[in-house]
Amino acid sequence: MDTATVGQSFAHDSAAHHVDGKASFIDDMPEPRNLLHAHLITSPWAHARLTGLDLAPCLTVPGVVAVAAAADIPGLNDIGAILKGEPLFPTETLDYVGHPVAAVAALSPAAARAGAALAKIVGTPLPPVFDIRTALEREDYVCPPMTMLRGDVDKALAAAPLRLSGETEIGGQDHFYLETHIALALPADGGGLHIFSSTQHPSEVQHLVARLLGMPQSAVTVEVRRLGGGFGGKESQATLIAGVAALLCRKTGRPVKLRLDRDDDMTVTGKRHSFLLRWDVGFDKDGRVEAVDMLLAAGSGWSTDLTPGVVSRALSHADNAYFYPAARIRGLSCRTNHQSNTAFRGFGAPQGMIAAEAMMDDIAHHLRLDPLAVRKINFYGPGRDITPYHQTVEHFRLPAMLAEMEEKADLAKRRVAVDSFNAGSPIIKKGFAVAPVKFGVSFNNPAMNQAGALVMAYTDGSVLVNHGGIEMGQGLYTKIAQVTAEVFEIPLNQIRVSSTRTDKVPNTSPTAASSGADLNGMAAQQAAEIIRGRMAEVAARKFGVPLEDVQFKNGEIRSGNYHISFAELAELCHLQRVSLSANGFYRTPKIHFDKETMTGRPFFYFAHGLAAAEVAIDTLTGEWKCLRVDILHDVGRSLNPAIDRGQIEGAFLQGLGWLTMEELVWDKDGRLLTHAPSTYKIPTARDLPADFRVELLANADNPEASVYRSKAVGEPPLMLAVSVWLALRDAVASMAPPGARATLDAPATPERILAAVEAARSGVR
Amino acid sequence: MRNTITTNINGRDVTISDVPPDQMALAWLRAEGFISVKEGCGEGDCGACTVALGVPTADGLDWRAVASCLLFLPMLDGRAVLTAEGLKGPNGNPHPVQQAMADGFGTQCGFCSPGFTMSLFALAHHDRLDDQAIYDSLAGNLCRCTGYRPIIEVARALPNLAADPGEAAVAERLRAAAGAALFYCADGLSFFAPTDLREALAYRSAHPDAWILAGGTDLGLAVTKRHQRPEVMLSLARVPELTRITDNHGSLTIGAAVPYAEILSVISTRHPELAKLLRRVGATQVRNQGTFGGNLGNASPIGDSLPALIALGATIDIAAPDGLRTVAAQDFVTGYRKTQLAADELIAAVHLPDLPPGELFRAYKVAKRVDQDISTVSASFRLRLENGKVAAIAAAFGGVAARPVRAHRLEAALQGLPWTAASLAGAQAALAEDIAPQDDLRGTAGYRRKVATNLVTRLWHETTNPTEFPVSLDRL
């Protein structure tokens, strides 16, 4: 396929203005006349019955203009994203420390804060639950248990020559987008509302605000130009922030801004789910798996939120790259009195994969085999290609990718070198691990796999594109512009992508599940093709040639010796009363999924990745260092290689942070202690592996008909960081007696690593 | 005495007279329309609010990256500020740093990008010896999107920027306008920045409740995080006696209000191990503002610098109304956030002796993250070995008690013993009595105990090197 614009490494469309201050975020917009600033009033208890709420004292603070609580909500007090039952402001129970119960609007942020501090919340404390194990004992779930089943697992387990069980705990993760949550709600013409929201899901904000305020959806417009990072944290969570701003705007008739500072953002909003992973595996003497029984228990926090989707995706990735002849994978969504955990890059898949990868290592250590050999023998392959959800794995690239990496990254030699270093080195131990990633692309819920776009050409040849996707740094607008430019064969600088608005493209899906370019790119391509078709007809008539002889090339439309510029043709179309505006709509083909049986083909295709990590640990302190990481990642035929590489590198480091240094700590009363960067440590520049080699898989057109044969790239590379966690386990395992395995939970902080070292030394099997 | 703030923002002279002195530069700059300066955390840990602060020098401005969220507005007095809006290249084109960031895929969501740009701008005006210097200069800027690789590559390729010749005139104007002491009042709050120590002490005596401000990297949090308002602030940043480093040939006297960055430039060859530790105090933005005086004065149980100062035998000069008194570093902090300082006294200087020949010094910091993290445990050791025996040892720990402590029992247990593995066990048992760690979000008491103990083992390995293998991660 020959393309002019697609496949080139064009700079991010806002790059120049990111660095001169002109790329503005919501808090940077000029503030409207009469603006009020809002502040949340939040629960001091982790769990309590709400018996009274007195907001009158708030109004005594100079500058405070209004307060709002559940009673002020004119419509339905519910912002549940999947299931109902999540009030904007609670009326019966308070379910975590930080649970918003009301809000204040004032002339300044300081006055709003001071007013909020005077609210009197009356409650009767109830016993809280803070950990997954307790919730499991109580069988308290935020949604019904799920089971993915293939084959007769009990029989196969009983028949397997060897059997091993294991368990690991994986902590949550704060998104730590640099721009905290914000919404600005303005009264609009005819009693409507215009909301600027830092959301990945403008349609959901629109629909739920309309329901909350008892307004038609058509009266609420939500607009987003860019987010200062999202990572899933601004999918369902943004509705709360926008909902409060909208409610206060409605109540006062004035514009209202609600911006959470870092402490409030981290205290109030949900995070990546923590998980308790248990597995029971039967295998043969070569390490080949015969049957797997897994339990993936998610720490959901107080409400349902997106947990059903997260757990479903965890289950569908607990195979990762491996064939399980028989499998039972159960998912439990445990209710705890913490923030309501939500979407986060990977959406449960990373935790599911970790179960598979930890299991592979344990099998290898048990059999004293090379962990990579055990992985290879369990890879999907011909005749061994049915997933636990009954989708057939097609176009599986990992064996070939591994062969390539074995050669380029000297895997076998380095394995030996690490082992020989460890045999002599008394204090520092090295670890080495190779981890594959197979990630299913498409929302698990088939209905969400749709998108719309609106493309408009103007008479000077400039083109404006709108679509349902959100630009949050991933370069989506740039990719969409490239796709549109490709269709028209015009220079990229003739394309402008404008802010995402619910009044231009309705009923959109969130920008999530790595779907942004796949879905919206296809919709934009289709819209552009409609216009190009009309323009081609006009050109054919003008040239007096058959339609099929008209070519768009290098900004011109040609046929034989005839040519006309794109701008001239656009002008001509207008004179001939031919529409230069079109809607595109795309729905992903081939996919289906039965939620009851948890079977079907939920994924259009798989993205693949492979990482080899080499680390060193200090066995005196548990400190560690990442020495080298090699990555080979499958992005199909890249729409923009530099942007894709940026996604891979950024996702990898974010995953590394999650699994090693980002530790969420709550006190015994359920107060989050790590609510700002002074206490919650995400990776810095020095935490990048000293030797970091990233390659995109070459000649890798997507066999499925995706947008220009590219593959989704937002989430899959996050899981490449599992290699680092496995390498740390490998370093710890080097201190254990032969046949014993390492136990290391995540995040693998120095304290956990040192504890694992001590356990390995003492020879616990 | 002056009562207005004189500064220069992006090349324009500005005077300020009606903004409360507890307003941070970040909020003020944003209100003035400089929206490239972003709030990411309000505690100097994320770098999104980084601006370049121009400190007048003999021939121009010395540009330093600082966190504007922790910069009380009067701290701009006599200084120039550059934000991303003010960066320009020749002919109005983007500045080379901006161009490199944009072309090099150094931005994704863009929220942290102006802050990175200003850190890179400051870096381009200073020596970049190696990647370590690059990491040091970027450690205070968090990016959640890129994974940093493109930004590091931009930093490696940066041209060395010559000073803009026009800056000499700006420096001259700032010096001329802001020579005298500043007494700034607005909104009922006052801020006094005297230019001599006697005035400072007199004001301190008259206002014992005044907030004492050096670099503001800790004090600012009282405003941005705890939402307190200071009625009276006393800034020491302009007091000559407190802002200079004196070489006594055999020791250094480091003024209490000298920023870490300046201390580092003096001690990097004289105290390389201490310099290694101080490079892990905060990040560049914090080190450009933060001081020994502030770190000692807030008397944290961890105290980044204090364990090292104790082990090195440093003393602390305290300025009282009736003259200077000197206390040993180990005696200065008396309990949890308590010091020897009386209500009319100020910390004047740290007196840091050179390491005597034949002695070695090691400072260890263990934290969840290498850069800009607070120690879970820190340990500093000064050791003299003679004929294979411990002739002298001084050891101090942070993060293991209510205050940084000297490990007297450990020292006594090792004194005179052969420096062999066999001597360690007894000493480590003694250390257990020196410390009383607690659980907190950075680690459990048990972990702290184990690490404190094991750091003695590390010292032994580093000083005896029994195998050819590296014994610490920095050597990999």
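Visitor: Hi! How many of the 20 residues of α16(A) are buried?

Guide: Hi there! In α16(A), 18 of the 20 are buried, so this helix is largely enclosed by the rest of the structure. A residue counts as buried when 20 or more other C-beta atoms lie within 10 Å of its own, as exposed with 12 or fewer, and as partly exposed in between, with C-beta atoms placed from the backbone. This is a predicted model, in which local features need pLDDT of at least 70 and side-chain atom pairs count only at pLDDT 80 or more, while totals for chains, interfaces and linings use all residues. Residues are numbered from 1 along each chain as its sequence is written, and chains are lettered from A and ligands numbered from 1 in the order in which they are written.

Visitor: How far does α16(A) reach from its first C-alpha to its last?

Guide: The reach of α16(A) is 28 Å, close to the 28 Å expected at 1.5 Å a residue. That expected span is 1.5 Å times one less than the number of residues in the helix. Helices here are DSSP runs of H or I with at least four residues, and strands are runs of E with at least two, numbered from the N terminus.

Visitor: And the contact between the chains, how many residues does each one bring?

Guide: Chain A brings 67 residues and chain B brings 65. Contact means C-beta atoms, placed from the backbone, within 7 Å of each other. On the side of chain A that touches chain B, at least two residues come from each of α1 (15-18), β27 (605-618), β28 (624-633), α16 (641-660) and α18 (750-761). Your helix α16(A) gives the most, with seven residues.

Visitor: Switching to sheets: in what order do the four strands of the open sheet in chain A come?

Guide: The order is β16-β27-β28-β29 in chain A, with mixed pairing. Two strands pair if DSSP finds at least two bridges between them. The edges are held by β16 (428-441) and β29 (691-696) of chain A, each with a single partner strand, so one side of each is left without a neighbour in the sheet.

Visitor: How many bridges join β16(A) to β27(A)?

Guide: 14 bridges do, and the two strands run antiparallel. At I428(A), the residue standing opposite is D618(A) in β27(A).

Visitor: Nice. Which residues have the most contacts inside the largest nonpolar core?

Guide: They are I195(A), A245(A), L248(A), L296(A), L728(A) and L236(B), in a core of 374 residues. A nonpolar core is a set of buried Ala, Val, Leu, Ile, Met, Phe, Trp, Tyr and Cys residues joined through C-beta atoms within 7 Å. Another core, of 44 residues, lies apart from it, with A481(A), M522(A), V550(A) and V707(A) among its members.

Visitor: Backbone check: where is the cis peptide bond?

Guide: It joins A746(A) and P747(A), with omega at about 0°. P747(A) sits in the loop between α17 (722-733) and α18 of chain A.

Visitor: What is phi of S442(A)?

Guide: Phi of S442(A) is near 135°, a positive value in a residue other than glycine. Its loop runs between β16 and β17 of chain A, and S442(A) counts as buried because it has 23 C-beta neighbours inside 10 Å. N507(A), also not a glycine, has a positive phi of about 55°. With 13 other C-beta atoms within 10 Å, N507(A) is partly exposed.

Definitions and conventions:
Two residues are in contact if their C-beta atoms, placed from the backbone, lie within 7 Å.
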